[in-house]
Amino acid sequence: MNSILNNIRRIFTDDGRNDRDFTDQESRLQTARDALMVEADELKRAAELLADIIKARA
């Protein structure tokens, strides 16, 4: 019971002094995500082109 009260006390008294800043990591992840999306689009176009070539030969 004491641990539950301590956890509730921590929730109400947390002022964010020990919070970590993940801004740099988030921006790097967003940049990587954008690059992956571009590569995925290019891969999709290449797969569609290959499918069209295969259909044309058949």
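## A walk along the chain

Start by selecting Arg 33 and Asp 34: their side chains meet in a salt bridge, 3.9 Å from N to O. The term stands for a side-chain nitrogen of Lys or Arg within 4 Å of a carboxyl oxygen of Asp or Glu, and by this rule the count comes to one.

A word on what you're viewing: it's a predicted model, where local features need pLDDT of at least 70 and side-chain atom pairs count only at pLDDT 80 or more, while totals for chains, interfaces and linings use all residues. Residues are numbered from 1 along each chain as its sequence is written, and side-chain values use heavy atoms, leaving out hydrogens and water.

Stay on the pair for a moment. (Buried is under 20% relative accessible area, exposed is over 50%, and partly exposed is in between, using a 1.4 Å probe and protein chains only.)

Next, select Ile 8, which sits in helix α1, residues 2-13. Helices are DSSP runs of H or I with at least four residues, strands are E runs of at least two, and numbering goes from the N terminus. Ile 8 is partly exposed, with a relative accessible area of 39%.

Now zoom out to the whole chain. Colour by secondary structure and you'll get two helices and zero strands. How many of the 58 residues are buried, as a percentage? Buried residues make up 0%. Finally, the C-alpha atoms fill a box of roughly 75 × 30 × 10 Å along the principal axes.
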